[in-house]
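Let's take a friendly walk through a protein model, looking at its rings, its charges and its helices. Keep the picture open as you read.

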Amino acid sequence: MLSSQSQQAVTAWRSRPSDFEQGAAPVGPEIEGEANAFIWAFNLPGFDELAKQFFVQGGKFADYLVEAHVFRMAICARHTPVSILWHAIGYERGSLLPGRMGNLLLHPREIEAANEKTRRAYAATSPQELLDAARRYCGWSVSDETLRDVIDFLPDGLTRAAELQRGFLALARPQV
């Protein structure tokens, strides 16, 4: 469940997404606070602790962070990768994606259904339109290569998980 601050930030973003873009005219500390809250809204309770178990030295699952298990990591300095994706794809399409706001842990049996949800969410979008929207959101603080990695992360990762008959984990975590 989202905190009230996160819910307010997502609601504000849904009603005025262009206010959250880097090129938007300065409108005051309230919008800046909403923008920061939107970035952090994807950091859901429970997944925060799970992320620490993977990324903090001595964490219960830290041994899984080896090349044989990790498909790709998408890391950006200021924005969470999932906030970038949601801004690019929009709320309605983002809501179609598997998991909960970019956080998902899937068993191999769940990959096919997740892949289908992802195909539906991305249907009728163009890679260039998604890149342009992501670029407006981040400004030039994130390279186009990283933005493409963010946009392609879920479809590519689920496809790779299906090929390997493995599960899939995605955590929308701004920092650990």
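Let's start with Phe 42, which counts as buried because its relative accessibility is 0%; buried means under 20% relative accessible area, exposed means over 50%, and partly exposed is in between (1.4 Å probe, protein chains only). Before we go on, a word on the source: this is a predicted model, in which local features need pLDDT of at least 70 and side-chain atom pairs count only at pLDDT 80 or more, while totals for chains, interfaces and linings use all residues. Residues are numbered from 1 along each chain as its sequence is written, and side-chain values use heavy atoms, with hydrogens and water left out.

**Rings**

What sits beside Trp 13? The rings of Trp 13 and Phe 38 have centres 4.7 Å apart and planes at 25 degrees, so this pair is stacked. Here is the rule: rings of Phe, Tyr and Trp (its six-membered ring) pair if their centres lie within 6.5 Å, and planes under 30 degrees apart count as stacked, over 60 as edge-to-face and the rest as tilted. The pair ties together distant parts of the chain, with Trp 13 in helix H1 and Phe 38 in helix H2, 25 residues apart. Helices (H or I, at least four residues) and strands (E, at least two) are DSSP runs, numbered from the N terminus. Trp 13 and Phe 38 are both buried.

Phe 38 also pairs with Phe 42, this time edge-to-face, at 5.3 Å centre to centre and 85 degrees between the planes. Phe 38 counts as buried because its relative accessibility is 0%. By the ring rule there are 7 aromatic pairs. Which residues form one aromatic cluster? They are Trp 13, Phe 20, Phe 38, Phe 42, Trp 86, Tyr 91 and Tyr 137.

**Charges**

Side chains of opposite charge can pair when their charged atoms come close. How many salt bridges does the structure hold? There are 9, each being a side-chain nitrogen of Lys or Arg within 4 Å of a carboxyl oxygen of Asp or Glu. Here are three of them:

| Salt bridge | N to O distance |
|---|---|
| Glu 21 and Arg 136 | 3.5 Å |
| Arg 119 and Glu 116 | 3.2 Å |
| Arg 135 and Asp 132 | 3.3 Å |

The Glu 21 and Arg 136 bridge links distant parts of the chain: Glu 21 is in the loop between helix H1 (4-15) and helix H2 (29-41), and Arg 136 is in helix H7 (residues 127-138), 115 residues apart. Glu 21 is buried at 17% relative accessibility, whereas Arg 136 is partly exposed at 44%.

An α-helix has 3.6 residues a turn, so residues three or four places apart point the same way. Arg 119 and Glu 116 are 3 residues apart in helix H6 (residues 111-122), so about one helical turn separates them. Arg 119 is partly exposed at 47%, and Glu 116 is partly exposed at 33%. In helix H7, Arg 135 and Asp 132 are also 3 residues apart, or about one helical turn. Arg 135 is buried at 18%, while Asp 132 is partly exposed at 28%. Elsewhere, salt bridges with shared partners join Arg 16, Asp 19 and Glu 34 into one network.

**Helix H8**

Now look at helix H8 (residues 144-164), which has 21 residues and reaches 28 Å from first C-alpha to last, close to the 30 Å expected at 1.5 Å a residue. That expected span is 1.5 Å times one less than the number of residues. Where is the kink in H8? A kink of about 50 degrees lies at Phe 153, shortly before the proline Pro 155; the bend at a residue is the angle between axes fitted to the seven residues ending there and the seven starting there.

Buried residues of H8 include Leu 147, Phe 153, Pro 155 and Ala 161. The buried residues of H8 pack against helix H4 (81-89), strand E1 (104-106), H6, H7 and strand E2 (168-170), where contact means heavy atoms within 4.5 Å. After H8 comes Gln 165, with a positive phi near 55 degrees.
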